[in-house]
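Welcome, and please open your viewer. Let's take a short walk through the model together, one selection at a time.

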Amino acid sequence: MSVRRQLVATDRAALMLQLVPYLIGKGEVSLAEAADEFDVTPEQMRSMVEKLTVIGLPGDRGYWQMANDLFDIDWDLLDERDLIVITNSVGLERAPKLTAREAAALLAGLQLARSIPGVGDTALYAGLLAKLARGASGIPAEVILATEPVDAVRDLVSDALRRGVAVSFTYKAPDAAPTTRTVDPVKVHIASGQWYLQGWCHLREAMRTFHLDRVSDLELTGIPSTHAGEQAPDWFDTDAGDVVARIRFPEDVAPLLGDYLDRATLETAGGVTVATMRVADELSLRRLAARRGGLVEVLEPAPARRAVAEWAEAGLAQYR
């Protein structure tokens, strides 16, 4: 016969925290089985179970107000058959209700996620919708997301991902002549309100990021996609794209820029640092400039400098 350990107050507290979810998950369990699971004697287990009936939700004045505020057990089963069954779990299984506006906001997010190629799944989406409906305190407002010019592009890319083929399109980068690209798509995602395609560019023979607003004449090809499993580049990866950016900031600000400078070339003189890096898209530099409010200046390329200035001006206009 094995000797069970003596329980001190801290042991009992820890066991009680584990006991409730264990008993609820079991539904019905014998005193001996529960005691063995928690490495205590049947007498110690009975004592802990009995103490559950004085634990529950406190009332407004610091003491229990109603019987259903306490845990309860089936005393007959415990006394006559040494079986433990919790009959009142003090609302542990209740989920907090969402307001109608909260549910509508989540619905909008789900619809947006559903539109991302390779992410949206009809069965999963339907299940989440049902759960949202059950979890809302009121009927969520009907949410309709307006179509965007890039919707057709996303649909075609999604089709290419399913078929495992490359896509062909015309791409017009700022201050550059249009080029025809053939790309093995890896993923489409949204960042700062802009949609991007990331994939292996046959022309550049490397991973590239393309702003979908600059994509036109997109078509599916019969070329098998051989790089669909490639790792998509980070925004400030040295191989992220064709855009070479230069930013200037006080030297002591560098630690605050974190990952942005991991693969940049830095030149420091007179307490001022200039960083040169390749970026996926020049518009992404708006986020970098905004994070340090006035301390980071975008020098090149010119379209990025203009985009940051226009974005800041549009923000200031909101206060006028």
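Start with a cartoon view of the whole chain: this predicted model has ten helices and 13 strands. Of its 320 residues, 39% are buried.

Next, hide the surface and look for aromatic rings. Searching the whole structure turns up four aromatic pairs.

**First stop: Y22 and F38.** Select both and show their side chains. The ring centres are 5.1 Å apart and the planes meet at 80°, so this pair is edge-to-face. Y22 belongs to helix α1 (residues 9-26), while F38 is in the loop between α2 (31-37) and α3 (42-52), so the pair ties together parts 16 residues apart in sequence. Are these residues buried or exposed? Y22 is buried, at 15% relative accessible area, and F38 is buried too, at 8%.

**Second stop: F169 and F210.** Select these two next. They make an edge-to-face aromatic pair, 5.3 Å from centre to centre with 80° between the planes. F169 is in strand β5 (residues 165-171) and F210 in strand β8 (residues 206-211), so to follow the link, colour both strands: the pair connects distant parts of the chain, 41 residues apart. Both F169 and F210 are buried.

Conventions: Residues are numbered from 1 along each chain as its sequence is written. This is a predicted model: local features need pLDDT of at least 70, side-chain atom pairs count only at pLDDT 80 or more; totals for chains, interfaces and linings use all residues. Side-chain values use heavy atoms; hydrogens and water are left out. Helices (H or I, at least four residues) and strands (E, at least two) are DSSP runs, numbered from the N terminus. Buried means under 20% relative accessible area, exposed over 50%, partly exposed in between (1.4 Å probe, protein chains only). Rings of Phe, Tyr and Trp (its six-membered ring) pair if their centres lie within 6.5 Å; planes under 30 degrees apart count as stacked, over 60 as edge-to-face and the rest as tilted.
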